Amino acid sequence: MSVSQTSSIPKLAGSFISLDMVKRATDEKGRQTKIICTLGPACWDVPQLETMLDAGMNVARFNFSHGDHEGHGACLERLRTAAKNKNKNCGVLLDTKGPEIRSGFFAEGNKIDLVKGETLILTTDYAFKGSSKKLACSYPQLPNSVTPGQQILVADGSLVLTVLTCDDSAGEVSCRIENNASIGERKNMNLPGVCVDLPTFTEKDVNDIVNFGIKNEVDFIAASFVRKAEDVTNLRKLLADNGGQNIKIIVKIENQEGVENYQDILKATDAVMVARGDLGMEIPPAKVFLAQKYMIREANIMGKPVITATQMLESMIGNPRPTRAECSDVANAVLDGTDCVMLSGETANGPYFEQAIRVMARTCCEAEGSQNSNHLYQAVNNSTERRMSFSTGESLASSAVKTAIDVSAKMILVISESGTSARYIAKYRPGSFIICLTASASTARQCNSLMRGVHAYVVDSLDETDALVDMVGKYAAAAGIVEGGDKIVVVCGQQTGSGSNNQVKIHGVECDGSVPTTDPSASTGNLRRGLSFSDFQKVA
C-alpha cells in the first residue's frame, strides 16, 4: 500500500477515490495534462491531422531519427494547414537523433543468428563485414570504456552480451552471448553505467536544428542523450547564434550520467522529457519508475514542464484497445505530477492513432479527477518554500492560486507577453481553468503545448485589460464554463511588456457572462487564434 504525499497527516493514498468515481462517466471537460503525438506515415495527411487535433493532440513530434528535411517539411506544412482549419494552437517539436552506438553490417545476408554461451568479438573497425563470430561496433573507444563483467545490450536489449576481455591495441572486445537471438544490421547498442565519449550534438543534429528547426520556426527542440548542463548551454548558444532564441529546449534524460547531473541540467533547461526507453537500457529496469518519480518531482518544484514518454500505450500500435497496465502507467504518470504524456509508434505507425489519443485523454482526465487541488497546491508550495526563496513572479502566482482556491474561482485568467506567469500558475496545480491571453503566436503555442492546465489564446493587444477580461467572461459563459455569480481571478500588470505582471484581481461574472469593468469606455477585446472555448465542454 502507498501513503499520500499531499496530506498533512499520514494516510493511505487514493483517499479521494470513491465508488461513485469508478461508476460515473468520464468528464473530459478541461483536461489538464497535455498530449504529444509523434507524426508518421499512419497519420500525416491533413484530414488525419485534423482528427488528431480534435481527439486531443497538443504537440506534434517530428522524429529526426527517421526521414529527411523535405519529407518533414511537407508534413509540417500539412500540420499547419490542419491547425489553421481547426483554429487551434498546436506546438511543433523537433526531436533530434542524437549520438548513438550501432552494430555494423554483415558479410552475408541481412540477419545473423547468435547462440547462447558462444563468444562474439566486437571490433571497432566499422568497415569490417560481420558474422555470428565477429561484429563491428561504431564506438571507437569501446575497448577502454568497458571492463570484464560489464554487460552490453544490443537491439533494445534483445541481445545481452557480457564482456570477457578487452584488447585496446587491437580495438576488440570479446563477449559471451547470454541468450539466443537473431539480429539485423546496424542495431542500437547500449553500455549501461558507462560514460560514453560522444558529442551530444552530431553534425546531423546541428544541421537539423539550424536548417530545419530554426528555419521553420519550430516551438521546441528535444535534445537527445543530454548528460550535463553544458549540453543545454551549448544548444542555447547554437539557437541564439542562428536566430532561434525563442525556441524552447526540452532535455531528454536517457542515461545514468544524465540522471546523476539532473539537478544542474534542470536549472539550465526549459523542460524535461523522461525518456524511459533508452533509460531502461542504461539503468536497471526495476529502477526506472524511481528515476521517473524523482525527475518529475524535481521538475515540479522548479516549475519546469516535464514529459513522460515511451511505450505508454504500446500495444495500441496494433490493437484498438490498450492493456489495463498501460492505462495504469499513464494514470500513474499523471499522479506523479507529469505535465505531458507522449505517444510514439501508437500514432506514427498504427491505424488506431485516434483511439490511442482518446484513450490517453480519458485516462488523464480520470487521474486528474482523483486529485485534490488544494492539497496539491499546499504540497507544491511547501516543497518550494523548503527548497528556495520565492521570486516576485512565483510569489504572485502562488497567491493567485491560493486566492482562486479560497474564493472557489472557476477560472484564472493570465494576461502575459512571454508566458512566464502562466508557467508559474501551472506549477501550483489549480483546479480552475487557466486561460492565458498573449499577443504572441509562438508564446500561445508553447504555453498551450506543455503547461499543465493552460489554454492559450492569441489576441490583438494586451493593452485593454478590462476589455479582455469581459471578452473571456462572455466566451466562457457561452461555453458553460462560468455562470452568473462565479468568480474569475485575473493576473495582470499595470504596464504591458514581458515581466510586468504585478497584480492579482478578483472579478465577478454577471448573468450574461459579462464582467463589470472599472472603465466603462474601454474598447472590446478581439480573440484571433486559439482553442475554441467549445473544446472545454464535455465530450459525449
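Student: Which strands close into a barrel, and in what order?

Tutor: Happy to! This is a predicted model, so local features need pLDDT of at least 70 and side-chain atom pairs need 80 or more, while totals for chains, interfaces and linings use all residues. Numbering starts from 1 along each chain as its sequence is written, and side-chain values use heavy atoms, leaving out hydrogens and water.

The barrel is closed by eight strands in the order β1-β2-β3-β12-β13-β14-β15-β16, with parallel pairing (helices, H or I, have at least four residues and strands, E, at least two, as DSSP runs numbered from the N terminus; pairing needs at least two DSSP bridges). On average, neighbouring strands of this sheet are turned by 25 degrees against each other, ignoring direction (axes are lines fitted to C-alpha atoms, for helices over the stretch in contact, and angles run from 0 to 180 degrees between N-to-C directions).

Now zoom in on one pair. Strand β13, residues 248-253, runs parallel to strand β14, residues 271-275, and four bridges join them. Ile253 faces Val274 of β14.

Finally, look at Arg276, which lies in helix α9 (residues 276-282). Arg276 counts as buried at 12% relative accessibility (buried is under 20% of relative accessible area, exposed over 50%, partly exposed in between, using a 1.4 Å probe and protein chains only). Among the residues that Arg276 touches are Val288, Thr308 and Met312, leaving aside residues up to four places away in sequence.

Notes: Contact = heavy atoms within 4.5 Å.
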